[in-house]
Amino acid sequence: MPAKKILMLTGEFTEEYEIFVFQQAMEAVGHTVHVVCPDKNAGDIIKTSLHDFEGHQTYTEKLGHDFVINKTFSEAKPEQYDAVYCAGGRGPEYIRTDKRVQALVRHFHEAKKPIFTICHGVQILIAVDGVVRGKKVAALGACEPEVMLAGGTYIDLSPTEAYVDGTMVSAKGWTALAAFIRECLKVLGTEIRHN
């Protein structure tokens with residue numbers, strides 16, 4: 001199977017592990033990942049956040065590492081990509097209202113291309129009517145009401161599991177990245193063999 005091109009949607013303070021780990025894992029097996037952020041150009045830096053679960057009623061948030069955007073947002077043409085990935089963290093809260101981001105997501109949905117979402121990334125998907133309707137979707141627990149209001153079924157997974165519904169892969173958060181990436185690779189048709 002030939003290598004795939006994946007478009008990753010991010011914003012300022014997107015969860016750093018969900019950017020760095022996903023990108024590096026996909027590139028390690030030969031796929032291309034273009035990371036975009038509205039109104040940012042290739043070479044621009046975004047700030048990331050690190051969400052952690054430290055025994056409080058909700059996650060804590062710390063400043064993550066800077067990330068260098070590798071694709072100019074205005075140059076990202078969805079028809080040139082095989083899949084879209086919506087990383088979580090704070091970024092989805094505001095980029096989901098961007099009509100250009102919504103148009104990108106709509107393309108992948110209507111073209112029935114793979115859609116990957118983790119943590120708060122589902123907020124981007126629910127901003128586009130019909131994307132999660134009828135789908136079973138995992139996300140951070142705080143997103144459950146939004147998933148249900150958008151017509152989806154929220155799947156309450158363990159923190160280390162991922163869920164597949166057709167070509168949509170979802171997970172609660174970065175602690176599930178191993179399972180999430182494994183399922184994304186399967187949906188992309190990527191096989192890893194050990195000899």
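1. On a 1 Å grid over the protein atoms alone, a pocket is an open set of points with protein on both sides within 12 Å along at least five of seven lines, whereas a cavity is a set of points where a 1.4 Å probe fits but cannot get out; a lining residue has an atom within 4 Å of a point. Grid points are joined across faces, edges and corners, and a volume is the space filled by probe spheres set on the points. The structure is a predicted model, in which local features need pLDDT of at least 70 and side-chain atom pairs count only at pLDDT 80 or more, while totals for chains, interfaces and linings use all residues. Residues are numbered from 1 along each chain as its sequence is written, and side-chain values use heavy atoms, with hydrogens and water left out.

2. The largest pocket has a volume of about 160 Å³. Its lining consists of Phe-53, Thr-58, Tyr-59, Leu-140, Gly-141, Ala-142, Pro-159, Lys-172, Gly-173 and Thr-175. Of these residues, five are nonpolar, four polar and one charged (Ala, Val, Leu, Ile, Met, Phe, Trp, Tyr, Cys and Pro count as nonpolar, Asp, Glu, Lys and Arg as charged, and the others, Gly among them, as polar).

3. One cavity of 30 Å³ or more is counted. The volume of the largest cavity is about 40 Å³. Glu-18, His-51, Phe-53, Tyr-59, Cys-119, His-120, Leu-140, Gly-173 and Trp-174 line the largest cavity, a set that divides into five nonpolar, three polar and one charged.

4. Strands (E, at least two residues) and helices (H or I, at least four) are DSSP runs numbered from the N terminus, and two strands pair if DSSP finds at least two bridges between them.

5. Strand S1 (residues 5–9) runs parallel to S3, joined by five bridges; Leu-9 has Val-36 in S3 as its bridge partner.

6. S12 and S13 run antiparallel and are joined by four bridges, with Asp-165 opposite Met-168 in S13. Their hairpin has two residues between the strands, and Gly-166 there takes a positive phi near 65 degrees.

7. A second open sheet has three strands in the order S2-S5-S6, with mixed pairing. Strand S2 (14–15) and strand S6 (60–63) stand at its edges with a single partner strand each, so one side of each is left without a neighbour in the sheet. Strand S5 (residues 48–52) is antiparallel to S6, through four bridges. His-51, which is among the residues lining the largest cavity, has Glu-61 in S6 as its bridge partner.
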